[in-house]
Amino acid sequence: MELDLLGTHADRAYPILAGLVVPRPIAWVTTLHENGTVNASPFSFFNVFGDDPPLVIFAPGDRDDGTPKDSARNAKRTGEFVVNLVSPDLAEVMVRTSAAHPPGVSETEHEGLATLPSSVVAPPRLAAAPAALECKVHSIQEIGSNRLILGIVHRVHVRDELIDPATLRIRQEHYHPVGRMAVPDWYCRTADLFELPRPR
Ligand SMILES: Cc1cc2nc3c(=O)[nH]c(=O)nc-3n(C[C@H](O)[C@H](O)[C@H](O)COP(=O)(O)O)c2cc1C
């Protein structure tokens, strides 16, 4: 089957692309609302795009009424966000935090999620996350209803058991973040690993 995502099949672009380009990593993004409450929402239009400088992008789409999601608003206003990574034990609560709450209602309070202060940004990180990236907004690209939020990673927090202190490599055998599969509701575990050395 051949599909025209800018023409006949435009209304299927989301389920087709979000079903084919899998698994996607999940950024559980914490931001600060102007009333001081902590917003936590998941985004799977997310990845790391470079290391010099360390660059991540997450992409909230606008709501149906054309207004930006709270995470996008907060990141733009404050210039800061934290990407929390998601281990399998956090999958259910992560999904619950995707529920639409009125702006200023804290998902962390609603779900009883403990937070820890960040080191160089104001939004806190999630205490239960296996790793967290403290980010400052580099720029925001608005393309149609997509808002690509480019962030520079200033600090990384990672649980001690997930990183080799001598090499500072992540211990892949212990780190198994949840991946997002076809929308709306499929996920994968990432513990089925194989190693494939590159040609030298
Ligand atoms: C696993 C998962 C991934 C998601 N990824 C995205 C995404 O990449 N972009 C987006 O706009 N919404 C995404 N959503 C939906 C948002 O989390 C949801 O709209 C949330 O209410 C936004 O919250 P906010 O308005 O507080 O920013 C995702 C939901 C889930 C459960």
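What follows is a chat about the model shown above.

Tutor: First, this is a predicted model, where local features need pLDDT of at least 70, side-chain atom pairs count only at pLDDT 80 or more, and totals for chains, interfaces and linings use all residues. Residues are numbered from 1 along each chain as its sequence is written.

Student: OK, what's the mean pLDDT of the protein?

Tutor: The mean pLDDT is 97, and 100% of the residues reach 70 or more. That score is the predictor's confidence in each residue, from 0 to 100.

Student: And which elements have the lowest and the highest mean pLDDT?

Tutor: Helix α4 (residues 107-111) has the lowest, at 94, while strand β5 (residues 80-84) has the highest, at 99. By the way, helices (H or I, at least four residues) and strands (E, at least two) are DSSP runs, numbered from the N terminus.

Student: Let's do the sheet. In what order do the 7 strands come?

Tutor: They go β2-β1-β5-β8-β9-β4-β3, forming an open sheet with antiparallel pairing. β2 and β3 stand at the edges with a single partner strand each, so one side of each has no neighbour in the sheet. On average, neighbouring strands are turned by 35° against each other, direction ignored. Two strands pair if DSSP finds at least two bridges between them.

Student: How many bridges join β8 to β9?

Tutor: There are 12 bridges between strand β8 (residues 131-143) and strand β9 (residues 146-158), which run antiparallel. To find that pairing on screen, look for A132, which stands opposite H157 in β9.

Student: What joins β3 to β4?

Tutor: A hairpin does, through 2 residues. The two strands pair in the antiparallel sense over 5 bridges, with β4 covering residues 54-58. D51 stands opposite P54 in β4. The loop between β3 and β4 holds P53, and the peptide bond from D52 to P53 is cis, with omega near 5°.

Student: What about the peptide bond from V22 to P23?

Tutor: That bond is cis too, with omega near -10°. P23 is in the loop between α1 (13-20) and β1.

Student: Now the helices. Which strands does α2 lie across?

Tutor: α2 lies across β1 (27-32), β2, β5, β8 and β9, and runs at about 55° to β1. Axes here are lines fitted to C-alpha atoms, for helices over the stretch in contact, and angles run from 0 to 180 degrees between N-to-C directions. The buried residues of α2 are D70, S71, A72, N74 and A75, and they pack against β1, β2, β5, β8 and β9. Just after α2, G79 takes a positive phi of about 75°.

Student: Is F58 buried or exposed?

Tutor: F58 has 26 C-beta neighbours inside 10 Å, so it counts as buried. You'll find F58 in strand β4. Leaving aside neighbours within four places in sequence, F58 is in contact with A27, V29, F43, F45, F46 and I149. Contact means the C-beta atoms, placed from the backbone, lie within 7 Å.

Student: Last one: where is L168, and what's its phi?

Tutor: L168 is in the loop between β9 and β10, and has a positive phi of about 55° although it is not a glycine. L168 has 8 C-beta neighbours inside 10 Å, so it counts as exposed. I163 is found in that loop between β9 and β10 (179-180), and with 17 C-beta neighbours inside 10 Å, I163 counts as partly exposed.

Definitions and conventions
Contact = placed C-beta atoms within 7 Å. Buried ≥ 20, exposed ≤ 12 C-beta atoms within 10 Å, placed from the backbone.
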